[in-house]
2 protein chains.
Amino acid sequence: MSMERKQAAVMIVDTAGFGQLLSTDEEATVRRMLRLRAETIVPTVVSHLGQIINFTGDGALMVFDDPSQAFECALSIQTAVNRAEAGIERRRRFRMRIGLDYGSVLATNSGVEGLHVVIASRLEALAPQGGICFSDRIRNTFGDRLNGGCLYGGARRLKHLNDPVEVWFWSDDQAGLRLSRPETLSCKGFRTTKRRRALRGCVGVSAGLCA
Amino acid sequence: MSMERKQAAVMIVDTAGFGQLLSTDEEATVRRMLRLRAETIVPTVVSHLGQIINFTGDGALMVFDDPSQAFECALSIQTAVNRAEAGIERRRRFRMRIGLDYGSVLATNSGVEGLHVVIASRLEALAPQGGICFSDRIRNTFGDRLNGGCLYGGARRLKHLNDPVEVWFWSDDQAGLRLSRPETLSCKGFRTTKRRRALRGCVGVSAGLCA
């Protein structure tokens, strides 16, 4: 069983509410998703030198040698999906969530394994629709180069994982980032309502780090 | 894009607490999982005429033409994994959850897609550790042949899916099935505590159908 360690950025992409869309119109939804994969997601990943490990229904696992390329790919996927879906009725549009982490993974002959794959999956679940949730390990590779539009989400305990991860959020819709799924943006120590906690905690903390 | 409909039983396997095990000892956990896949899960699926669509870290997606074979395969996987893991310290043992559904899926050149794949995934999340959660579509293919040890879990609304699914549970540990994760066994209309509701609702309803 061959297995070797390498540094990689791990990206998990998933589609918000895919089950609901399948429930309503299964075959058309599957056809649209396969087309989106082939015409939008695959070319975007390839052009950012990423490797697609597998697709799973409405999601995908990819790896990149370069974490900056991975982040830029995530931004490009969101932009490209929004463009591809612009002609679709709003409630039927695919909206992706993307989770991104960076670290030492175990490359096997069938894919990549290890803790950072699980972390990327947990971060994906925290991401807003149309947005990206990424760890400070991705953030730190940018130094001061990261453009605006990101919010710091604090150190989070992720399900079944021992060590907390410092998380960041990017969204194609800044209002959406602040107002949707506010519970995912809450930061410890704030006693206000969830929504205000999200706004105060995250915008406040992020102001100094992320333009 | 070639796509055709076929009837299939869809099985999703996942490992309880895999992230926790990875957090504690990443490399040994991945090696053990790869070995379990190769030496236990793959041969069990092949011997039940199943097709493995993909593996994802601690999980797998398989399809079977015959729902009875799929259910028997799920039982065999649980037995085989318990046997393979018997020598491992209890808190480090892999314990699988299995979700099973049956229906019309969309077979593509890269795998299977559609609503029943999503349903199997939701059922997997409801399964107890070492157990199986399966729909009435699987149950009904057995007629009166299903052996004891199953509990009826009622009609459940599954996340983001329009139609409720009638679910059944099997566990390698009957006490565990009744007492662990009792909230997953609750049935509508009972006003007692969660645990008693689980016992009364499910054992009661199941008595006439199962065992």
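**A pocket and its aromatic surroundings**

The second largest pocket holds about 320 Å³ of space, in what is a predicted model. Of the 14 residues lining this pocket, those closest to its centre are A:Arg90, A:Arg93, A:Phe94, A:Arg95 and A:Gln129. Across all chains, the count of aromatic pairs comes to 9.

**Pocket lining**
- Two elements of chain A, α1 (18-24) and α3 (67-85), are those that give two or more residues to the lining of the second largest pocket.
- The lining of the second largest pocket is made up of 3 nonpolar, 5 polar and 6 charged residues.

**Aromatic pairs in chain B**
- The rings of B:Phe18 and B:Phe94 have centres 6.1 Å apart and planes at 40°, so this pair counts as tilted.
- This pair links distant parts of the chain, 76 residues apart, with B:Phe18 in helix α1 (residues 18-24) and B:Phe94 in the loop between α3 (67-84) and β4 (96-108) of chain B.
- B:Phe18 is buried at a relative accessible area of 5%, and B:Phe94 is buried at 1%.
- The rings of B:Phe134 and B:Trp168 have centres 6.5 Å apart and planes at 25°, and because that angle is under 30 degrees the pair is stacked.
- B:Phe134 lies in strand β6 (residues 131-135) and B:Trp168 in strand β8 (residues 165-171) of chain B, so the pair ties together parts 34 residues apart in sequence.
- B:Phe134 is buried, with 0% relative accessibility, and B:Trp168 is buried, with 2%.
- Ring pairs join B:Phe71, B:Phe134, B:Phe142, B:Tyr152 and B:Trp168 into a cluster.

**Charges over rings in chain A**
- The charged end of A:Arg32 sits over the ring of A:Phe94, 4.1 Å from the ring's centre.
- A:Arg139 lies over the face of A:Trp168, at 4.9 Å from the ring centre.

Methods. Residues numbered from 1 in each chain as written. Chains lettered and ligands numbered in written order. Predicted model: local features only at pLDDT ≥ 70, side-chain atom pairs only at ≥ 80, totals over all residues. Heavy atoms only, no water. 1 Å grid on protein atoms, 1.4 Å probe; cavity = no way out; pocket = protein on both sides within 12 Å on 5 of 7 lines; lining within 4 Å. Points joined across faces, edges and corners; volume = space filled by probe spheres on them. Helix = DSSP H or I, 4+ residues; strand = E, 2+ residues; numbered from the N terminus. Nonpolar A, V, L, I, M, F, W, Y, C, P; charged D, E, K, R; others polar. Phe/Tyr/Trp six-rings, centres within 6.5 Å; stacked < 30°, edge-to-face > 60°. Buried < 20%, exposed > 50% of the residue type's maximum accessible area, 1.4 Å probe, protein only. Lys NZ or Arg CZ within 6 Å of the ring centre and 35° of its normal.
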